[in-house]
Amino acid sequence: MDWQIIIDSLPQYAGGIRTTLVLLAISLASSLVLAVPLAVARVSPSWWLSRSVWLYTYVLRGTPLLVQLFIIYHGLAQFEAVRESAAWVLLKNAWFCAWLAFTLNSTAYTTEIFAGALKATPVGEIEAARAYGLGGFKLYSRVLLPGALRRALPQYSNEVIGLMHATAIASTVTLVDITRVARDVNANHLLVTESFGVAAVIYFVLTFSLVGVFRLLERRFLRHLRPQVDLPQAVPAAA
Amino acid sequence: MIRRYALASLLIASFAVPQAGLAQAPEWSKIRIGVEANYPPFSQMSPDGKFSGFDIDIASAICAHIKADCTMVSQEWDGMMPALNAKKFDLIVASMSITEDRKKSADFSDSYYDIPSTWIGKTGSFSQVTPAALKGKKIIVTRNTPRARFLQENFKDSEILQVAKEAEVTMELAAGRGDIGFGSSLAATAAFLKSPQGTGYSRLGAPVMLGGAAQGGGVGIAMRKGEDALRTKVNVALKAITANGVYKTINDKYFDVNIRGE
Amino acid sequence: MLHGYLPAILEGLVLTLKVSATSLAIACVFGLLGAMAKLSKSRAARWIAEVYTTLIRGLPELVLMLLIFYGGQIGINKLADAQGWGYIDIPPFAAGVMTVGFIFGAYLTETFRGAILAVPRGQAEAGLAFALTPGQVMRRIVLPQMVRHAIPGFANNWLIMIKASALVSLIGLDDMVHRAGLAAATTREPFTFYMAVALIYLTLTSISIFLLSRVEARYSLGVRTVQF
């Protein structure tokens, strides 16, 4: 086990970790913001609205992320029209392409998760809300969405961890993330443990940190589902 | 009970899948050769799935001389050395330059061609190609190559965009993701500059010779460390095809100049 | 439209399907073994299975593939050298398939474990009361009923596996995505080829979803659902 190589490559790994986390953060933020209105549209009674969103999620969930990334990064650059357009300033950049691909893909999965959670709303809640005259925006923002987002938390945590794992794919389009650093170290020194082993340890730590964060979130937001403790004793326990 | 069945099927599967081959006898009658298939005109794949190109022809010629049964295995440039090490193939004939760094991980045959590297960019974009002129500019180069090392050492003020394979240098350049590319002179010529995407681009500045054959560099055939018998065979074959004109025929098929480099 | 590269891409499709199907078979083996281990009385077995699933699910598939593919190969080579077995030729297909199968075995372990637990305990107890051996109980009573509960998770994993098989192009297997890349580089039309590949994947997932819903319906015959 060549520790010297590991120590020498640590600065590169630090840069890689930064890239991975930034990519994860920006993709997560945008996909969360997009998924909420899309989920509302997905469960809307309007057939057109619901089906359009369904088509989007179906296509994005039915094709591999790698292929989606290649289409955006390599594919769009093929067209003269794209290269002349105003959007090119953005599409030229590997970061933008990766962010776009991850956002589109993650939004699709998150939309389905939130839509499922919305559909699982107890019928009584909606009835009660309508009885109070709540409708439209207020209905969603005060009653439906808070409940749905809470319900979706466990599955959403899986999606976030999946997104963090998916950022490894960004290593295929010149972004220097953890996986790219590991592949370079492997290509230059041909040492699998020192390269991919280190990357594995780093990803492991990141994964479990995320799991921990979500446990805390669940403790806060799903407190009402935890088993009740410290009930007052009906009969005082015998000493 | 199910555990027994599962274990049994697993054991059977594990025996059925890998074929325990005989130790590669010193005769080397069967050789697998790693090729990139993505680096015209040295190596490319045609629509029907057949490989063609300078590297492919040289490899076939060497095999014919050694009288070995050769299979070409296409491999991403990114994982070329690790795949050799993992015994996915026995030789790499993929325009791999001989460098001191690479010699630590693999053995090389004698150099079989040597060409300079060239700068390539929009015609007239840089009148001079010096570190000063390229300060702050983005240079595209293939990662983990002597060209990349050259740039990292000499062009410290420029931004270096490292791509996974040589074909992507011109692809990213055409896409406008860099200001100038630093690649292999002949691959850049034949494939890119002649293509529709290559109009408006040309070679800039003077060709740069990095570690030529005379200094122990050039482009060679890589093999695992210690495979001396194979190395001798390949070197003998290389000398033979150079002497008997087979090399020249292959050279002239693809290039106007002699690229043997000695 | 595809400049004559369609046969090459379809050849890649055949490989993609072979990889996915074989990996699924191997993943089922690992999954069943893992589920049994997790539910066994032996603490060592539970511990090994726990490590297996935690490790695999805590790492990106790409990194796992690279790690197992290169590391496993080198490990086997070292083992072969040490034992004097000469050189064991592991074809890239076998290596790739074992890797993907091993990885998805961990996900299937959880699916199968959940499914086995979903079968009411009374079924197994009744079987034992009729003097069936534990093995017979498992084989004839629990497993057939387990299949129905496992199908949603199994279907999910199959769909993920088809898409993850796109990653084997990055460990050097000559699959559809790799072929598309080569064609794209030669013709300089990446959009055309990657879109074609995306369409083929979409077709694959659509067919899979349809077939799996038929299988689920078949296995759910006779199951009573709530009537409102």
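Predicted model: local features only at pLDDT ≥ 70, side-chain atom pairs only at ≥ 80, totals over all residues.
Residues are numbered from 1 along each chain as its sequence is written, and chains are lettered from A, with ligands numbered from 1, in the order in which they are written. The model scores ipTM 0.84 and pTM 0.83, and chain C averages a pLDDT of 86, with 96% of its residues scoring at least 70.

**Chain A**

- Chain A holds ten helices and zero strands, where helices (H or I, at least four residues) and strands (E, at least two) are DSSP runs numbered from the N terminus.
- The radius of gyration of chain A, taken over C-alpha atoms, is 23 Å, well over the 18 Å that the globule rule (2.2 Å times the number of residues to the power 0.38) gives for 239 residues, so chain A is more spread out than a compact globule.
- Along the principal axes, the C-alpha atoms of chain A fill a box of roughly 70 × 65 × 25 Å.
- Of the 239 residues in chain A, 40% are buried, a residue being buried if 20 or more other C-beta atoms, placed from the backbone, lie within 10 Å of its own, exposed if 12 or fewer, and partly exposed in between.
- Among contacts in chain A (C-beta atoms, placed from the backbone, within 7 Å) between residues at least 6 apart in sequence, 77% join residues at least 24 apart.

**Contact between chains A and C**

- Chain A and chain C each give 28 residues to the contact.
- On the side of chain A that touches chain C, helix 2 (47–62), helix 3 (65–75), helix 9 (178–189) and helix 10 (192–221) each supply at least two residues, and the largest share, nine residues, comes from helix 10.
- That side of chain A divides into 17 nonpolar, eleven polar and no charged residues, with Ala, Val, Leu, Ile, Met, Phe, Trp, Tyr, Cys and Pro counted as nonpolar, Asp, Glu, Lys and Arg as charged, and the others, Gly among them, as polar.
- Leaving aside neighbours within four places in sequence, V63(C) is in contact with A168(A), T179(A), F196(A), A199(A), A200(A) and Y203(A).

**Largest nonpolar core**

- A nonpolar core is a set of buried Ala, Val, Leu, Ile, Met, Phe, Trp, Tyr and Cys residues joined through C-beta atoms within 7 Å; the largest has 196 residues, of which V67(A), L69(A), A98(A), V63(C) and V197(C) touch the most other members.
- Helix 1 (residues 6–38) of chain C supplies the largest share of this core, 15 residues.
- Domain 1 (27–114 + 214–254) and domain 2 (117–211) of chain B, with bounds from an automatic or database domain assignment, both give residues to this core, so the core lies between them.

**Chain B**

- Chain B comes to nine helices and 13 strands, and 44% of its 262 residues are buried.
- The C-alpha centres of domain 1 and domain 2 of chain B lie 25 Å apart, and eleven residues of domain 1 are in contact with eleven residues of domain 2.
- The side of domain 1 that touches domain 2 has five nonpolar, five polar and one charged residues.
- Helix 6 (residues 166–174) of chain B is mostly covered, with nine of its nine residues buried, and G176(B), which follows this helix, has a positive phi near 80°.

Notes
Contact = placed C-beta atoms within 7 Å. pLDDT = per-residue confidence, 0-100.
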